[in-house]
Amino acid sequence: MLTITIQVKPYLASYVYRHFRTALHGRAVLFSCHDYVYYVLLDLTWRRPKDISGREEGNLTLVLPKPAHGKRPEVFNYLSKESAAYLEEQLETRMNVELFEFLLNRKEKGFSYKDSAYRFWETYQLEGIDPDSLLKRFNRWREKDREQRQKERK
């Protein structure tokens, strides 16, 4: 089992470790082959350049995908800075989608957005971000969505 370590925003590392806690191998996250992040990670891996050492630093350790056919993790075990940034962006999008669905579902059940944002923050023990920031993120998305719907009606 080969792993790769990358630096992501602290709250994303907390989210990934808590969300995929059933898929932890030691302290590394193993994505299911049924998860799109598995394929994103698989697509982003490259042969390690000769001038780059094998020691990586960061706050998120991932198990490299090992498909039946195609890229072997023994050879393709390097993520460039651009690839790591793209992976971070994909993980953040995934967290946002889950956050927004969580807030909307709990609103239907009678909970306030503020209480729900706190509950999400507490569930994933997100470090480096506070519940108010999550709520602001949701409100920006909701306003953008509202504007988009108004444009479509015209």
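Figure 1. Of the 154 residues in the protein, 40% are buried, where buried means under 20% relative accessible area, exposed means over 50%, and partly exposed lies in between (1.4 Å probe, protein chains only). This is a predicted model, in which local features need pLDDT of at least 70 and side-chain atom pairs count only at pLDDT 80 or more, while totals for chains, interfaces and linings use all residues. Residues are numbered from 1 along each chain as its sequence is written, and side-chain values use heavy atoms, with hydrogens and water left out. The secondary structure comes to five helices and six strands; helices (H or I, at least four residues) and strands (E, at least two) are DSSP runs, numbered from the N terminus. Starting at that end, the order is β-α-β-β-α-β-β-β-α-α-α. The C-alpha trace spans about 55 × 40 × 30 Å along its principal axes. Among contacts (heavy atoms within 4.5 Å) with a separation of 6 or more, 73% are between residues 24 or more positions apart.

**Figure 2. Strand 5 and its partner, strand 1.** Welcome to a strand that is covered on both faces: in strand 5 (residues 60–63), Leu60 and Leu62 are buried on one side, and Thr61 and Val63 are buried on the other. In a regular strand the side chains alternate between the two faces of the sheet. Strands 1 and 5 run antiparallel and are joined by four bridges; two strands pair if DSSP finds at least two bridges between them. Look for Ile4, which stands opposite Leu62 of strand 5.

**Figure 3. Helix 2 and the elements it packs against.** Helix 2 covers residues 36–44, and its buried residues are Val37, Tyr38, Val40, Leu41, Leu42 and Leu44. The buried residues of this helix pack against strand 4 (46–47), strand 5, strand 6 (76–78) and helix 3. At the start of helix 2, Asp35 has a side-chain oxygen within 2.9 Å of the backbone nitrogen of Val37.

**Figure 4. Val16 in helix 1.** Val16 belongs to helix 1 (residues 10–19). With a relative accessible area of 0%, Val16 is buried. Leaving aside neighbours within four places in sequence, Val16 is in contact with Val29, Phe31, Leu60 and Leu91.

Figure 5. The largest pocket holds about 260 Å³ of space. On a 1 Å grid over the protein atoms alone, a pocket is an open set of points with protein on both sides within 12 Å along at least five of seven lines, a cavity is a set of points where a 1.4 Å probe fits but cannot get out, and lining residues have an atom within 4 Å of a point. Grid points are joined across faces, edges and corners, and a volume is the space filled by probe spheres set on the points. The pocket has 17 lining residues, and the closest to its centre are Thr5, Tyr78, Leu79, Ser80 and Lys81. Helix 3 gives the largest share of the lining, four residues; strand 1 (3–6) and helix 3 (81–108) each supply at least two. The lining divides into seven nonpolar, four polar and six charged residues; Ala, Val, Leu, Ile, Met, Phe, Trp, Tyr, Cys and Pro count as nonpolar, Asp, Glu, Lys and Arg as charged, and the others, Gly among them, as polar. Ser80 sits in the loop between strand 6 and helix 3 and is buried, with a relative accessible area of 16%. The side chains of Ser80 and Ser83 are joined by a polar contact of 3.0 Å. A polar contact is a pair of N or O atoms within 3.5 Å; within protein, one must be able to donate a hydrogen and the other to accept it, and residues adjacent in sequence count only if both atoms are side-chain atoms.

**Figure 6. Arg48 in its loop.** Find Arg48 in the loop between strand 4 and strand 5. Arg48 is partly exposed, with a relative accessible area of 21%. The side chain of Arg48 reaches the backbone oxygen of Asn77 at 2.8 Å.
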